[in-house]
Amino acid sequence: MKAMADAAKTISGVFDGKLAYDAAAFKAAAETIRHRSGKAMVESFPAGSFGAPSAAKVEIDQSRGEFAALARHLESLAAALSLAADNAPDGITESMRMAPGMAMGSSSLLGKRAGSATDADPSKMPAEHVFHLILQDCTNCHAKFREKRQ
């Protein structure tokens, strides 16, 4: 999880202008998230693995299908970010940026709305929007499946 958090910080730094865009580093960060989500994430939390040291909640066992769906969704979003780096080797393109006033929608599989961003193909969305959806997935997953740390 720490590697995923570090990767998200890298991508955030690029979009915030705090880090220079480097397509290889951007892709590596997206690939870190992709490789650690989906099946790999589910396998990281086998039945009965809740509690210390991971802070995983018993809700993972109680809602295994929901957890797996969220992990797969995160993987698909990260794959779209990786593709965006392939399509922009020289710098962040205008098409990678969210348009002003662009609605975020809801990427939550915990309370999905009809016609939400989860229904759209992430490879057709601006990469910055996809990244925000990744952050929403992380927040939603932590809210339901992770104990708050003191």
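**Group meeting: how the helices of this protein pack**

In this protein, 74% of the contacts between residues with a separation of 6 or more come from residues 24 or more positions apart, where contact means heavy atoms within 4.5 Å. The model is a predicted one, in which local features need pLDDT of at least 70 and side-chain atom pairs count only at pLDDT 80 or more, while totals for chains, interfaces and linings use all residues. Residues are numbered from 1 along each chain as its sequence is written, and side-chain values use heavy atoms, with hydrogens and water left out.

First, the overall layout. The protein has six helices and zero strands; helices (H or I, at least four residues) and strands (E, at least two) are DSSP runs, numbered from the N terminus. The order of elements from the N terminus is α-α-α-α-α-α. Of its 150 residues, 39% count as buried, meaning under 20% relative accessible area, with exposed being over 50% and partly exposed in between, for a 1.4 Å probe and protein chains only.

Now the helix pairs. Helix 5, residues 64–86, packs against helix 2, residues 23–36, at about 165 degrees, with the axes 8 Å apart. Axes are lines fitted to C-alpha atoms, for helices over the stretch in contact, and angles run from 0 to 180 degrees between N-to-C directions. That angle makes helix 2 roughly antiparallel to helix 5; angles over 145 degrees count as roughly antiparallel, under 35 as roughly parallel, 65 to 115 as roughly perpendicular and the rest as oblique. Their crossing is left-handed, which is to say that the near helix is turned anticlockwise from the far one by less than a right angle; clockwise would be right-handed. Residues of helix 2 that take part include Phe26, Ala30 and Ile33, and those of helix 5 include Leu74, Ala78 and Leu81. The residues of this contact divide into nine nonpolar, one polar and five charged. Here Ala, Val, Leu, Ile, Met, Phe, Trp, Tyr, Cys and Pro count as nonpolar, Asp, Glu, Lys and Arg as charged, and the others, Gly among them, as polar.

Next, helix 5 with helix 6. The two axes come within 9 Å and cross at roughly 160 degrees. That makes helix 5 roughly antiparallel to helix 6, and the crossing is left-handed. On the helix 5 side, the contact includes Phe67, Leu70, Leu74 and Leu81; on the helix 6 side, it includes Phe131, Ile134 and Cys141. By type, the residues of this contact are 15 nonpolar, two polar and three charged.

Helix 1, residues 2–16, and helix 6, residues 127–145, have axes that come within 11 Å and cross at roughly 140 degrees. This crossing is left-handed. Ala8, Ile11, Ser12 and Phe15 of helix 1 meet Ala127, Glu128, Phe131 and Leu135 of helix 6.

Ile11 is in helix 1. Is Ile11 buried or exposed? Ile11 counts as buried, because its relative accessibility is 0%. Beyond four places in sequence, Ile11 touches Phe26, Ala29, Ala30, Ile33, Leu81 and Phe131.

Ser37 sits in the loop between helix 2 and helix 3, residues 38–44. Ser37 is buried too, at 1% relative accessible area. A polar atom of the Ser37 side chain lies 2.8 Å from the backbone oxygen of Ile33. Leaving aside neighbours within four places in sequence, Ser37 contacts Met4, Ala71, Leu74 and Glu75.

Notes
Polar contact = N/O pair within 3.5 Å; in protein donor to acceptor, adjacent residues only side chain to side chain.
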